[in-house]
There are 2 protein chains.
Amino acid sequence: MKLYEQFAEQISTLIRTGALQPGEKIPSVRSASRTYEISAATVFQAYYLLERRGLIEARARSGYVVRSHVNGILAEPEFSDAHHSKLKISATDVDVSELVFSVLNSIKDPTTIPLGSAFPSPALFPLQRLSRSMTKSLREMPTHAVVADMTSGNANLRRQIMLRAVASGNKYTADELIITNGALEALNLCLQTVTNPGDMVAIESPAFYASLQVLERLKLKAVEIPVHPRDGIDLDILAESLTRLPIKACWVMSNFHNPLGASMSDDKKQKLCELIAQYQLPTIEDDVYAELYFGLHQPKPLKSFDQQNLVMYCSSFSKSLAPGYRVGWVAGGKFSDKIHRLQLMTTISSSVPAQAAIADYLQHGSFDRHLRKLRETLENQQHKMLQAIERYFPQSIRVTQPKGGYFLWIELPPEVDSLQLFKLALTQGISIAPGPIFSASQNFRHCIRLNYGNLWDTKIENSIKVLGKLINSFQHS
Amino acid sequence: MKLYEQFAEQISTLIRTGALQPGEKIPSVRSASRTYEISAATVFQAYYLLERRGLIEARARSGYVVRSHVNGILAEPEFSDAHHSKLKISATDVDVSELVFSVLNSIKDPTTIPLGSAFPSPALFPLQRLSRSMTKSLREMPTHAVVADMTSGNANLRRQIMLRAVASGNKYTADELIITNGALEALNLCLQTVTNPGDMVAIESPAFYASLQVLERLKLKAVEIPVHPRDGIDLDILAESLTRLPIKACWVMSNFHNPLGASMSDDKKQKLCELIAQYQLPTIEDDVYAELYFGLHQPKPLKSFDQQNLVMYCSSFSKSLAPGYRVGWVAGGKFSDKIHRLQLMTTISSSVPAQAAIADYLQHGSFDRHLRKLRETLENQQHKMLQAIERYFPQSIRVTQPKGGYFLWIELPPEVDSLQLFKLALTQGISIAPGPIFSASQNFRHCIRLNYGNLWDTKIENSIKVLGKLINSFQHS
């Protein structure tokens, strides 16, 4: 990270923590240069970056001030619906697929503004550079590799993943590593490895709908544990659930949770690991957004606090580099052998050319530079969307302000039915993700998830405006 | 097909049916030219082809004669073990994975002569040409396709598969078609769609071990139906099993069965379709070797006789074009929607670049020419291996002589334990596939499957010699 980026981060932390309040002036270039002993040019670069990220804005005669949307008038959601479930710890049969598929099918039209999509815009990825890596790696691939790489995975890809794991403070060994068809296959294999039909699984509420579908497919029961929008799963309720119910596995997203954007602190991750160690609970960690952090460092995964090899760490390149390539991985802890065998019985392996292309790109293709740019773009788009929401949505809504990823979670006024809103928005060519698809008990009826992973333009700005009108129409009806 | 190929096929049919006996002279070039009204050059080209395929050989002063190995001293297997099971129709819990994995793990060493492998040599495939198709298709791919192609599959690939289906007499619609991660994922999805844990599934005996593993994984019971080494599954026993047991699905390979090489006649396929219609039995057809036929035409799939959309037709490019790309498909009949939903919940899709590359190759890359060459190579290698077996194995063995694919199935003398032989052969750097891995009840203990999908050379010739010695050592011990 360059000096100006480091300095920008310092200021940004002051803003986020409230040390610098909205509307307040930030240090002038001259005074900052003196105080922090850096050149004026560096300060200027940093402020320019903060401006692009939407954290500060230039005001005539005042210099730069903190923008009002940051910690501004829009409140963050609380525990929302899930909060009430404190009193009713229970296991639910999962039956969300019909609803999820009806939502996903209706947003397939490519002309729809994809605020309901689970993917960021493919325009954000270095697809042409990747395809050069593909060409090169196929040319250099020894003939036998096209068959041999199936069972063991591409050796260079395994090496590159291990290198990045070490660099980001993750802790797993090459023995544990299995290359999969995206993270979704990894998650499926893990859950199937450690459960039998009818078993109970502790899962976050809300949770990514695909994880609920996996539970449904494997005929597992969901024990829904509330997630705080800022710092993740409620450990007290999880602990109590583990006391009361014969839970066989746990599924968490410790960083940039989908849909809430919540991230657990290191301290909380440590505590969660102690809890799962106490119950010897196989735990599946879905960490696909980890690289999309807006702060100084990549947050550590739960896996790095796990002393007992109970955590199966799942991730992929689908959200950070290569959507559609279907290359992910799992570091399966003590369950690795079983997970791998299950894969050999179902899909054998991820596509060999896709593995080779990604391996070459990781080795030669400036992945870190791409990621820096991607993070900056996403942070900027988050800011733009928050601004538009502030402008067009009723002031009584609550919205998350996650420190990574590309989703906002919005609590609408209680009279808004998000499934109804979903249908109305579709008629206007806009997709959203309605709250109930994120819950086994179909809670979150007045919540929606919006995707800010698309390049900001007037079409998207306008779609927020239209959504605002539709939301207001509920209040007046 | 060229004129000389057609003529070669005519002569080859005469040989196969026994109209021309081993050792017998075939028509001289001059007389054939006159009789069949073709040029002498064409006759010569045809005879040269037949010689390369090992069907005829030139003898001094006699011209060409039929080689003795064809319909020669080595007998074909009968119903073998499975024959006895006529009297005991029953459902078996499947527990083969440990054995299968111990076999597969031990043959991973790349220096091993891979007679036990399930794949043909990658050297037989147009990998460089495919990689040019990859480069081109990635360059031309619209950015949005890398995400959009996931749920629906590459449109051009779907088109190309449909075109080939029509050309080969298969009957399915684009609506039924789902692109999968190889045929194995297709087979898994199909079986899971139409069964629940504990259900009974009619499966061939012997059967490809991966299909047994799928049954095991899904906790299904196998009702093993004997397969005749020449014409496939025993319909009488299948019919009787359907009367007696609540069978929920059936799994067949109607063409070039793995491991037997058996192919059902059209008449038999018709009868099987009548049977499954009578019982409304969901039927999974694994047709991955269909393109590797040695005769004049690609054999028709079971699916083409199915009036009721009960057949789920599974195939892939892994055995005919692109091993390691992990691109297959299923035409799922009336079960298509459910199959596709299941895929969206597990792997989402096959790798988008791999799909695009294969689509481009199918459209521009002379797939048919590649296949003609591949078939000729495989037929020639089959001949070479049969010759070597005739020379080095005891005369009491029985061996199949399939009309396609790349496997021989050999019944050894009853005192030979194929698992023991497998271990002994490995110590000599040779892998074989022992019979019991192809059976839920671990029958076929004195049988082995050999792969002739590798370019014939002295190393492979020698490995057959070594196997022969090992087999003889059982007889003398």
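**Exercise 1.** Which residue of chain B forms a salt bridge with A:Glu98, and how far apart are the closest N and O atoms?

*Solution.* The model is predicted; local features need pLDDT of at least 70, side-chain atom pairs count only at pLDDT 80 or more, and totals for chains, interfaces and linings use all residues. Residues are numbered from 1 along each chain as its sequence is written, chains are lettered from A and ligands numbered from 1 in the order in which they are written, and side-chain values use heavy atoms, without hydrogens and water.

Step 1. Recall the rule: a salt bridge is a side-chain nitrogen of Lys or Arg within 4 Å of a carboxyl oxygen of Asp or Glu.

Step 2. Apply the rule to A:Glu98: its partner is B:Arg341, with the closest N and O atoms 2.8 Å apart.

**Exercise 2.** Determine how chain A is related to chain B.

**Exercise 3.** Describe the interface of chain A and chain B.

*Solution.* Step 1. Contact means heavy atoms within 4.5 Å; 48 residues from chain A and 48 residues from chain B take part.

Step 1. Buried area is the accessible area (1.4 Å probe) that two parts lose on being put together, summed over both. Here the two chains bury about 4200 Å², 67% of it on carbon and sulfur atoms.

**Exercise 4.** Is B:Ser320 buried or exposed?

*Solution.* Step 1. Buried means under 20% relative accessible area, exposed over 50%, and partly exposed in between (1.4 Å probe, protein chains only).

Step 1. The relative accessible area of B:Ser320 is 2%, so this residue is buried.

Step 2. Helices (H or I, at least four residues) and strands (E, at least two) are DSSP runs, numbered from the N terminus. B:Ser320 lies in the loop between strand E11 (311-316) and strand E12 (328-331) of chain B.

Step 3. Leaving aside neighbours within four places in sequence, the contacts of B:Ser320 include B:Phe125, B:Glu291 and B:His370.
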